[in-house]
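Thanks for coming. I will walk through the strands of one structure and how they pair up.

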Amino acid sequence: MAQPSAVAGKKPEKVPTPAKTAVTLHVNGVARKLDIAPWTTLLDALRLYLDLTGTKKGCDHGQCGACTVLVDGRRVYSCLTLAVMKDGAQVTTIEGLAQGEALHPLQQAFIEHDAFQCGYCTPGQICSGVGLIAEGKARTTDEIRELMSGNICRCGAYPNIIAAIEEVMHGEAGAKGGPSRLAGHSAQDARNRAFVAGRAVQDGEAGR
Ligand code: FES
Ligand code: FES
């Protein structure tokens, strides 16, 4: 019969918990200091520590784009980005695009083009669209489609999303003039503004 080895009688070694790390993120123009575990993703830092829940967690595996934010002006999947890697960076989330009550042109275009249904993918789509326009690489509808392919919409609002981006990219936003066709339906208008601004609407809708 095999003898119990000396190792078997040993108490398991205690693995020390890594110390928390101090990180400063400049989120929507405000310096935010955090003390977080080194494995905290940027997405969790935003949602759990800074209560910025406009950025959505879809797959948490880099496959849907719901978590897209801008870091130093470039679009990234925040679920695949460790917050400690972005110490000192400028982070723009959906909450940082509007200027007070004035929506970003792409947020307004999403409303004008009915570019969402459930609204869950919308903050990521808008951040990605803002990044895409700033990159200046897309010239055609097909190129917009290709460069937005990392953002999935389960509701299939793609034609309207592309139309909204195209309008802003070509500087046509607001060119039609006049009030939004949704203006006047105040509850609906408020709901749409909340969706594109990444604000909670109500439980079960694209709030948290
Ligand atoms: Fe990040 Fe899906 S939640 S890509
Ligand atoms: Fe529902 Fe895009 S609007 S997932």
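Start with strand E1, residues 21–27, which pairs with E2 in the antiparallel sense over seven bridges. Two strands count as paired if DSSP finds at least two bridges between them. The helices (H or I, at least four residues) and strands (E, at least two) are DSSP runs, numbered from the N terminus. In this pair, threonine 21 stands opposite isoleucine 36 in E2.

A word on the source: this is a predicted model, where local features need pLDDT of at least 70, side-chain atom pairs count only at pLDDT 80 or more, and totals for chains, interfaces and linings use all residues. Residues are numbered from 1 along each chain as its sequence is written, and chains are lettered from A and ligands numbered from 1 in the order in which they are written.

Now the other strands. E3, residues 68–71, pairs with E4, residues 74–77, in the antiparallel sense over four bridges. Their hairpin has two residues between the strands, and aspartate 72 there takes a positive phi near 50°. E3 also pairs with E5, residues 90–92, antiparallel over two bridges.

Which residues face valine 71?

Put together, the five strands form an open sheet with mixed pairing, in the order E2-E1-E5-E3-E4. The edge strands are E2 (30–36) and E4, each pairing on one side only. The twist averages 40° from one strand to the next; axes are lines fitted to C-alpha atoms, for helices over the stretch in contact, and angles run from 0 to 180 degrees between N-to-C directions.
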